[in-house]
2 protein chains.
Amino acid sequence: MHFKDWGEDPFIEYISKQFPSRDNLIGIGDDSAVIPKEDGSAWLITTDALVEGVHFLRDQITAKDLGYKTVAVNVSDIVAMGGAPQYAFLSIALPKMTDCTWAQCVIDGIREACGKWNILLLGGDTVGSKRDIFVNLTLIGSALQSKIKYRNQAQSGDVICVNGYLGDSGGGLKALQTGAIKTADVQRLIDIHFRPEPFLDQGMWLASHHEVHAMMDISDGLDCDLSRLIKSSQKGAVIEVNQIPISSTLSKVSMEQSWSALELALVGGEDYCLLLTIAPQAFESLQNAFQSQFHLPLFPIGYINDCKGELAYTRNDEAIQVDYKNYNHFQ
Amino acid sequence: MHFKDWGEDPFIEYISKQFPSRDNLIGIGDDSAVIPKEDGSAWLITTDALVEGVHFLRDQITAKDLGYKTVAVNVSDIVAMGGAPQYAFLSIALPKMTDCTWAQCVIDGIREACGKWNILLLGGDTVGSKRDIFVNLTLIGSALQSKIKYRNQAQSGDVICVNGYLGDSGGGLKALQTGAIKTADVQRLIDIHFRPEPFLDQGMWLASHHEVHAMMDISDGLDCDLSRLIKSSQKGAVIEVNQIPISSTLSKVSMEQSWSALELALVGGEDYCLLLTIAPQAFESLQNAFQSQFHLPLFPIGYINDCKGELAYTRNDEAIQVDYKNYNHFQ
């Protein structure tokens, strides 16, 4: 069997079975690994790779944005557990004919992002590559053990929320893929695709509330990542598609380009906002407190139920079929 | 300017200048980064990438050896600082037509190596790649802060030592590159190239002795790595080439193949043995104690002097010129 027919999750499951966790460590299967420290805090560790031709095209993304994004996607994994990033380790593989200025711009973007989130780059590996560029970052963060949020803690009845508009990044990617004319709106979506902005303060605030049960980031699209959350929690979920937050920019561009904004919101991916579940009785007060704190809404989009592993969709409370194709890294 | 004309060290220097270290952390420039813990120990962190077409060829190395080697080269960086490895994070990028069994064998090799050195694989990233395979491991180890060895601590007069034969791995690579007939001896060199064996116990033992001043591993060849050590220590070095340990296997194969065993020992690379400097008055007793403990020799090959940045070679105490070309990842 080839990788394209196997997919990422079965491969991760295979690896996970080969390396059972022990010593109270949380390993493979969440956004970050968790290594407890004796003082009640814990290290959070994550690693993410960006590969030319799969995650980016060299003639579309600027070198600086590539560096910035490499850091941002990893920060998102730390934020998703309720932690703050601290130390980074970079591996970069470059073909011999890469222009040095281009490589320096990647480093500039990494430096900008590290500065923004107060991260120290402490090491790495610089190697040659035959053809394609690979950039990998390992990011270490920390959090109080008691505040860390996991994806396997969703409870039946929980309100499912996201803290940002979905599909903008997917719309930006689609604009690049289809060669859409770069109006100001289209450019805005492309900018969001190239410069994801993880919500560090919001993640830490949400993690400090025990009424938030499960949390993760949306990197592969709501449909894919919510499926992972309910699988991990051994629960089910219902999403009301009319409640999914879609930006006015994406709505407008989708109309103009005859795209399905809903499809982009569900499977476009790379949103890097937070997906969380909240105890129903606490939802309203938490939503209000969040709004007061950040002047931004927390969007309720559905609820958790006991239908183990089932992700259902409704429109105005009537069941609908959604079968958009999730992105497969190996295809 | 292109990367092939710039090289790895100037690029690392560029990155290092962009990210000055702070908070008593040791960052870019040694085998591992060092993050002190409050209990007197420290985390050691390193990351190393293997790229298809640069570090390995898919039709030469087995998938299992590739997995094993990915772990071993990182273990060597932790060992070089006197630490023991603990936690690993794997990023692997695979083309969509990669056979699943092949990928599983990579994981098998990683599992074998992790088992051997008691490492827990705690996370990673599995992604697609357009053409080439890319494997990156980040390894976290630990050591007592007081025992950690750095490459910048060499003192004038120190005896320079290595703890293993040099050039075997380079000979194995050369055999593969030249298509040498695989006699038992040639196969032995190839096996060493594919399965490096970092010296965990010896590294920890050496690190526990304060008479050992500077230590690092030899990954890019003695010439290149000793140049780094003296640059970092702001010292010079003289190496007596007749004292460089060369295995009887490499001597024999080099004779048969008309290779220069000395060239392979100096610039072949991937030896993954330890390069260290020892206070001269302590050398003999330390050498004897090492021999008693491990039943293996510690080879003295030269001494440190004050000729800042100068690496000189002698043969029977007469100066000789050595200008073998160091391997450049970007060429």
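Some ground rules come before the tour. This is a predicted model, in which local features need pLDDT of at least 70, side-chain atom pairs count only at pLDDT 80 or more, and totals for chains, interfaces and linings use all residues. Residues are numbered from 1 along each chain as its sequence is written, chains are lettered from A and ligands numbered from 1 in the order in which they are written, and side-chain values use heavy atoms, with hydrogens and water left out.

Let's start with a sheet in chain A. Helices (H or I, at least four residues) and strands (E, at least two) are DSSP runs, numbered from the N terminus, and two strands pair if DSSP finds at least two bridges between them. Strands of a sheet pair through backbone hydrogen bonds, either parallel or antiparallel. Five strands of chain A make an open sheet with mixed pairing, in the order β1-β2-β5-β3-β4. β1 (33–36) and β4 (120–129) of chain A sit at the edges with a single partner strand each, so one side of each has no neighbour in the sheet. On average, neighbouring strands here are turned by 15° against each other, direction ignored. (Axes are lines fitted to C-alpha atoms, for helices over the stretch in contact, and angles run from 0 to 180 degrees between N-to-C directions.)

Zoom in on β3 (residues 84–95) and β5 (residues 134–144) of chain A: they run antiparallel and are joined by nine bridges. Across that pairing, L90(A) stands opposite L137(A). Helix α3 (residues 63–79) of chain A lies across β2 (41–51), β3 and β5 of chain A, at about 140° to β2(A). Contact, by the way, means heavy atoms within 4.5 Å.

Side chains of opposite charge can pair when their charged atoms come close. A salt bridge is counted when a side-chain nitrogen of Lys or Arg is within 4 Å of a carboxyl oxygen of Asp or Glu. Over all chains, the structure holds 30 salt bridges.

Chain A has another open sheet, of seven strands with mixed pairing, in the order β7-β9-β6-β10-β8-β11-β12. Its edges are β7 (212–217) and β12 (318–320) of chain A, each with a single partner strand, so one side of each is left without a neighbour in the sheet. The twist averages 30° from one strand to the next. Inside this sheet, β6 (residues 159–162) and β10 (residues 299–305) of chain A pair in the antiparallel sense over four bridges, and I160(A) has G302(A) as its bridge partner.

Now hop over to chain B. There, β8 (residues 236–240) and β11 (residues 311–315) run parallel, joined by four bridges, with I239(B) opposite Y313(B). β11(B) is also joined to β12 (residues 318–320) of chain B by three bridges, and these two run antiparallel. In this pairing, the partner of Y313(B) is I320(B). The hairpin of β11(B) and β12(B) has two residues between the strands, and N316(B) takes a positive phi near 50° there. Leaving out residues up to four places away in sequence, G309(B) touches I230(B), K235(B) and G236(B).

How do the two chains fit together? A rotation of 180° with 0.0 Å of shift along its axis superposes chain B on chain A, with an RMSD of 0.0 Å. The copies are thus related as by a two-fold rotation axis. (They are superposed by least squares on the C-alpha atoms of residues with pLDDT of at least 70 in both.) And 100% of the interface residues of chain B are also interface residues in chain A, so the copies meet through the same surface.

F19(B), L122(B) and T126(B) supply 10% of the area that chain B buries against chain A, more than any other three residues. Two salt bridges are counted between the chains, and D132(B) and R131(A) meet in a salt bridge at 2.5 Å, N to O.

Conventions. Buried area = accessible area lost by both parts, 1.4 Å probe.
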